[in-house]
Amino acid sequence: MTNFLAYDDVTDLNALIQEGLNAKQNPFADQALGHNKTIGLIFFNSSLRTRMSTQKAAQNLGMNVIMMNVGQDSWGLEMEEGTVMNGDKAEHVKEAAAVVGKYCDIVAVRAFAGLKDREQDYREVVMNQFKKYAGVPIINLESATRHPLQSLADCITIEEFKVRKRPKIVLTWLPHFKPLPQAVANSFCEWINHTDAEFVVTHPEGYDLAPEFVGNARVSYNQNEAFEGADFIYGKNWSSYQHYGQVLTQDPSWMVTMDKMRLTDNGKFMHCLPVRRNMKVTDEVLDSPQSLVIEQAANREWSAQAVLKGVLQSL
Ligand code: CP
């Protein structure tokens, strides 16, 4: 694996899930692999899980870690080519990525969607500029359209908790008052579409995700109908793709409650976190044995470790 930007960079999903499970069983088995190697973790946005789990995974593999918050620890970075840099961005990504690539053997980047310009967000400008100029492998720590390390952790979690070979998995939109990116939902669709599952995506009208991510998933605008018999309920808010970045509704009836979980087949509740309690999902669900959110977050370490191992082996 030379880069990890999207599902397309994975050659064998089942093997990668197994790598994650192996790392969980024996975290320090590959300590020598990262000896004298450095990873740079570059954050344009806030993070708890991604930041700590990726650092921990790198350390489990014997790597050195350098972390930087762009615009706080460093100069603001210009991404577009050929611009007159007379604004607030003091450095161009051409130099910045190239310099970071001289200090680091692997560069991992988090840069969310701006949610103003769909075409620009879906061009993945930040990831692609780092890929173009860093000269070393790039790992996606959540980009404008995808969050593949989260999706791998989700696949590991589903593998651990599924009770049938072909589970029913439901991705449900949840209410929120401000616009959030589609990245987690897009990525979850992209990855689950490559697993053996009955996959349903449910959301209010106007919240359809980009067709290239929805793929063969069944789409339902009826959340109760979608939940029936489900093994896994994956909750996430996203803003509209069609009316790009807009909040079209905050309908509280889409919040996940215990009554809705009773429609499932003793289904498990999943969310990537952070989650706003009693707005997206009730305390009762989150604090119940049906919630997997902590197990899911814990698996972020093993998903990062499986990917880092693959990238280190390619150096
Ligand atoms: N799920 C996730 O990516 O969490 P953070 O934003 O805290 O990293």
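## Annotated spans

Over residues 184-309 the chain is 34% helix and 13% strand, with the end C-alpha atoms 23 Å apart; helices (H or I, at least four residues) and strands (E, at least two) are DSSP runs, numbered from the N terminus. An unreviewed UniProt entry annotates residues 184-309 as "domain: Aspartate/ornithine carbamoyltransferase Asp/Orn-binding", where UniProt positions follow the numbering used here, feature names are shortened, and annotations may be inferred rather than shown by experiment. The model is predicted, so that local features need pLDDT of at least 70 and side-chain atom pairs count only at pLDDT 80 or more, while totals for chains, interfaces and linings use all residues. Residues are numbered from 1 along each chain as its sequence is written, and side-chain values use heavy atoms, with hydrogens and water left out.

A further annotation from the unreviewed UniProt entry, "domain: Aspartate/ornithine carbamoyltransferase carbamoyl-P binding", covers residues 4-160. That span, residues 4-160, is 40% helix and 15% strand, and its end C-alpha atoms lie 23 Å apart.

## Ligand surroundings

Polar contacts are pairs of N or O atoms within 3.5 Å. A side-chain N or O atom of Ser47 is 2.7 Å from an oxygen atom of the ligand, a side-chain N or O atom of Gln150 is 3.0 Å from a ligand nitrogen atom, and a backbone N or O atom of Leu273 lies 2.9 Å from a nitrogen atom of the ligand. Taken alone the ligand exposes 250 Å², of which the protein buries 94%, with accessible areas from the Shrake-Rupley method and a 1.4 Å probe.

## Backbone geometry

Most residues other than glycine have a negative phi, and most peptide bonds are trans. The peptide bond from Leu273 to Pro274 is cis, with omega near 5 degrees, and Pro274 is found in the loop between strand 11 (268-270) and helix 11 (283-286). Glu124, a residue other than glycine, has a positive phi near 50 degrees and is found in the loop between helix 4 and helix 5 (125-133).

Conventions:
Polar contact = N/O pair within 3.5 Å; in protein donor to acceptor, adjacent residues only side chain to side chain.
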